[in-house]
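Here is a short briefing on one protein chain. Start with the sequence and the fold shown below, then read the points by topic.

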Amino acid sequence: HLTQARLAADRIQNGIDLSRYGETKLKPLRSETKATLKISEGKKVFVLIGSGYERKGVAQAIEALARSGTRATLLVVGHEKRESRYRTLAKRLGIEADVLFLGRQENVLPYLAAADAMILPSIYDPFPSATLEGFAAGLPVVTSEACGARDIAREIDPGLVRDANDIPGLAYAIRIASRFSDIPETKQPPRAVAARFDTELMADRMLALYERVAKETSA
């Protein structure tokens, strides 16, 4: 049987180097990236980062975007062998021009910089590092009940978390996220949430857990 300390260790998430996601680093990339992708400055942008589109909920994100009425652009970053399926879906829903498939990218910072929000309605995801990157970049994250980041997303706004297959609910969450930067911030700022996962803090937390496990083992 696992000890309580070992169980706690299983719940330690990956840390993140917050210095990479500072506003001073992202802001210059925003206009440059939107210009490169031919996205008008006034248009809202959502980013989805993850390979394996079925598990990451890309189809649900596309359907919800179409239903949301926001006319936002969705940047899909990640690898998928059957990408044509998702292109076809976007075309069938009449938003082909608003869904940009960018493939696998070594550096996702330009796309985080261009985005106003992140969406990741995963069918199953223990705790995707992409969500931490989104929070660190100051983005609200629309996600699913099956994603390990759900409780953190709720701290920013409870309406951001829905069942992965609740398309109307996800569409509503998209509308919430699209207005996030336009209204006075009354909830937990995403960057403040990400600060709890700074790499140094997470390393200290993991070390403390190892020490607890070692003590229990020797007892």
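A pocket here is an open set of grid points, where a 1.4 Å probe fits, with protein on both sides within 12 Å along at least five of seven lines. The model is predicted. Its largest pocket has a volume of about 440 Å³. The protein chain holds 11 helices and six strands.

**Largest pocket**
- The lining of this pocket is made up of 18 residues.
- Glu23, Ala137, Gly138, Leu139 and Arg191 are the lining residues nearest the pocket centre.
- Helix H2 (23-36), helix H6 (109-114) and helix H10 (190-195) are the elements that each give two or more residues to the lining.
- H2 supplies the largest share, with four residues.
- Sorted by class, the lining has 10 nonpolar, six charged and two polar residues.

**Sheet**
- Six strands form an open sheet with parallel pairing.
- Their order is E3-E2-E1-E4-E5-E6.
- Strand E3 (99-103) and strand E6 (161-162) are the edge strands.
- Each of these two has a single partner strand, so one side of each lacks a neighbour in the sheet.
- Strand E5 (residues 141-144) runs parallel to E6, and two bridges join the pair.
- Ser144 stands opposite Arg162 in E6.

**Nonpolar core**
- The largest nonpolar core contains 63 residues.
- Within this core, Phe46, Val47, Ile62, Leu74, Val99, Leu112 and Phe135 touch the most other members.
- Helix H9 (residues 167-178) gives the core its largest share, six residues.
- Leaving aside residues up to four places away in sequence, Leu74 touches Phe46, Val47, Leu48, Ala61, Ile62, Leu65, Asp98, Val99, Leu100 and Ile119.

**Lys81 and its loop**
- Lys81 sits in the loop between strand E2 (73-77) and helix H5 (83-92).
- Is Lys81 buried or exposed? Lys81 has a relative accessible area of 79%, and the cut-off for exposed is over 50%, so Lys81 counts as exposed.
- Lys81 and Gly52 are 29 residues apart in sequence. Their C-alpha atoms are 8.2 Å apart in space.

**Whole chain**
- The protein chain has 219 residues, and 48% of them are buried.
- Among contacts with a separation of 6 or more, 71% are between residues 24 or more positions apart.

Key. Residues numbered from 1 in each chain as written. Predicted model: local features only at pLDDT ≥ 70, side-chain atom pairs only at ≥ 80, totals over all residues. Heavy atoms only, no water. 1 Å grid on protein atoms, 1.4 Å probe; cavity = no way out; pocket = protein on both sides within 12 Å on 5 of 7 lines; lining within 4 Å. Points joined across faces, edges and corners; volume = space filled by probe spheres on them. Nonpolar A, V, L, I, M, F, W, Y, C, P; charged D, E, K, R; others polar. Core = buried A, V, L, I, M, F, W, Y, C linked by side-chain atoms within 4.5 Å. Buried < 20%, exposed > 50% of the residue type's maximum accessible area, 1.4 Å probe, protein only. Contact = heavy atoms within 4.5 Å. Pairing = 2+ DSSP bridges.
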